[in-house]
Structure formats: C-alpha cells, structure tokens
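Here is a short report on a protein chain. It covers a pocket, a helix and the chain as a whole.

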Amino acid sequence: MFANRVEGEKYTASIHAGFLAHEERERIKRQQAQCMNTPKRMLDYLKSSPMAQKAFDHQGEERVRQNIDYLFQRCSEITPFTPDNLLGKLDFQPTSTENEEWLAALFAVMRTIILLHERLDFETITPLEKCEDRPEADLKATRRGVTYAIEVCRTKEEIPRDHSVELGEHIAKRYKGKEDQCGQSNDGKKKQLRATMEKYDCSRAIFVVAFDSCSAMLYSKQALRDTADCARVGMDMPNKTHVLIFTSKNWNEPSEEDQHWAIEPALPD
C-alpha cells in the first residue's frame with residue numbers, strides 16, 4: 001500500500017513537472033513571437049537591464065516586449081534600415097547598465113520617428129550616428145521637399161510643473177544649455193541642431209521633447225501648445241526652428257485619443 005502511494009506521488013509529480021515544462025515552452029514561444037522584429041543584441045541586453053526589469057515588473061513583461069518590438073517593426077518600415085541596422089544607427093550602448101538614461105533616450109528617438117511619419121507627414125527619415133569628434137542631431141528628415149535637422153530629448157515628469165511657462169523655461173534650458181563665462185554653450189541641443197543643419201544643408205530644425213510614458217497624463221494637449229510657445233520665447237525665438245512636444249500612453253496603439261502632441265510654429269505647407 002505504501003509502495004502504491006509512493007508510485008502515485010511520483011506519477012503526480014511527473015505530470016506536474018511535465019505541465020510546468022510545457023507551460024515554459026509555450027511561454028518561450030509566445031515571447032519569441034512577440035520579439036520577431038527586435039534585434040538579438042537588444043534582446044540580450046534586456047536580460048541584464050535594470051531599467052527593463054523595472055518596466056517588466058511595473059507594466060508586465062509581455063506588454064513591454066510587445067511595445068519594444070512594435071517600435072523596431074514600425075521604424076524599420078519607415079526608415080530604409082532593417083531592425084538590426086537601425087539599432088546600429090541609434091545610440092546603443094550594450095555594455096552600459098549602471099546608467100541607462102541612453103536606453104530611454106533611444107526609445108524616445110524611435111517614438112519620434114513614428115510620430116513624424118504618422119502625424120506630420122514626413123516622407124524620408126534617417127537616424128544619424130553619434131560622432132565622437134563633432135556634435136550631431138538625432139535625425140534628418142524630409143517633408144514636402146524641405147530637409148529638417150531633428151534633435152530629440154526626453155523628459156520624465158512625475159509631478160506636473162505649476163504652469164506652461166515653468167515647463168517652457170525648463171525645455172528652453174535643455175535647448176540652450178549652460179553658458180560659460182564667454183557666453184558659449186557646450187551641452188545644449190542647439191549646437192547639435194546647428195551643426196547638422198550646416199552639414200546636410202537643412203532649411204529647418206525641430207527640437208523634440210518626448211515625455212516618458214509615466215508623464216503622459218500630466219498635461220493636456222492645450223497645455224503642450226502653450227508650453228511650446230513659452231519654450232520658443234525662452235529659446236530666443238530661433239528662426240526656422242520648431243518645438244515639438246509629445247506624450248504617448250500606448251506606443252503600439254497610436255490614435256488621436258491616446259497621443260497628445262503640439263508643434264509651434266506649425267510646419268509650412
């Protein structure tokens with residue numbers, strides 16, 4: 001009787017182990033299907049990324065992987081690059097896990113590519129590789145025969161600023177950077193835009209501010225318009241330079257309802 005019970009427990013344990021192994025295989029299959037467009041280099045990095053793990057815990061691993069895969073799929077469709085070649089053009093830092101601000105910035109550039117194409121009718125969008133010896137903007141893009149230099153910065157707002165003027169001033173500082181005693185700025189986005197405009201003979205520039213997803217609900221679309229106006233004033237009203245601000249709640253479900261953006265001044269027809 002005792003032997004029969006032991007055999008029964010072994011049989012039950014075997015079934016349970018087989019069930020868990022089947023579930024694990026199915027989970028891996030689902031994960032692979034969700035990551036068909038994500039380069040292997042990125043998948044390998046995400047395994048050890050503290051930022052990715054935090055996102056997995058907060059939003060769910062399946063959803064985060066779907067969002068990332070959608071970014072690579074859609075950006076590859078819009079640009080002339082495969083997902084792996086696209087990653088090579090972006091600021092991918094596979095050995096950097098201590099400070100991962102670059103990873104969020106990389107995704108902000110990809111989100112910008114999609115917005116420029118889907119909402120603002122840009123036809124040709126090309127990511128520009130970072131250069132060690134000179135400043136460079138993130139993108140150059142063409143719309144109706146006009147070439148733009150485009151620089152993207154991301155911002156993480158967990159508590160809304162008091163008013164559009166305060167947020168606009170914050171954005172203007174990111175554009176202008178800190179000036180030294182001679183009035184020269186070395187860390188602002190303006191320098192990168194101007195260098196790219198000169199190199200590629202761009203007629204216009206766009207300074208993009210992409211909010212992290214956690215900030216998406218803090219500001220209305222009208223508030224973003226007001227902020228873009230205030231930012232341009234703080235930037236000293238640069239000629240032929242536009243300010244584009246956007247938030248997005250669902251990267252893989254773009255729609256007018258879940259994506260807020262504003263650009264000032266409006267792009268020329």
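Which residues lie nearest the centre of the second largest pocket?

## The pocket

Asp91, Ala105, Lys130, Asp138 and Val152 lie nearest its centre, among 18 lining residues. A pocket here is an open set of points on a 1 Å grid over the protein atoms alone, where a 1.4 Å probe fits, with protein on both sides within 12 Å along at least five of seven lines; lining residues have an atom within 4 Å of a point.

The volume of the second largest pocket is about 320 Å³, counted as the space filled by probe spheres set on the points. α6 (101–120) gives the most to the lining, with five residues. β3 (146–155) also supplies at least two.

## Basis of the model

This is a predicted model: local features need pLDDT of at least 70, side-chain atom pairs count only at pLDDT 80 or more, and totals for chains, interfaces and linings use all residues. Residues are numbered from 1 along each chain as its sequence is written, and side-chain values use heavy atoms, without hydrogens and water.

## Helix α7

Helix α7 spans residues 164–176. Its buried residues (under 20% relative accessible area, 1.4 Å probe, protein chains only) are Ser164, Leu167, Gly168, Ile171, Ala172 and Tyr175. They fall within an arc of 140° seen down the axis, so they line one face of α7. These residues pack against α8, β4, α9 and β5. Just after α7, Gly177 takes a positive phi of about 75°.

## The whole chain

The protein chain has nine helices and six strands. Helices are DSSP runs of H or I with at least four residues; strands are E runs of at least two. Of the 269 residues, 44% are buried.

Key. Expected span 1.5 Å × (residues − 1). Buried < 20%, exposed > 50% of the residue type's maximum accessible area, 1.4 Å probe, protein only. Arc of directions from axis to C-beta. Contact = heavy atoms within 4.5 Å.
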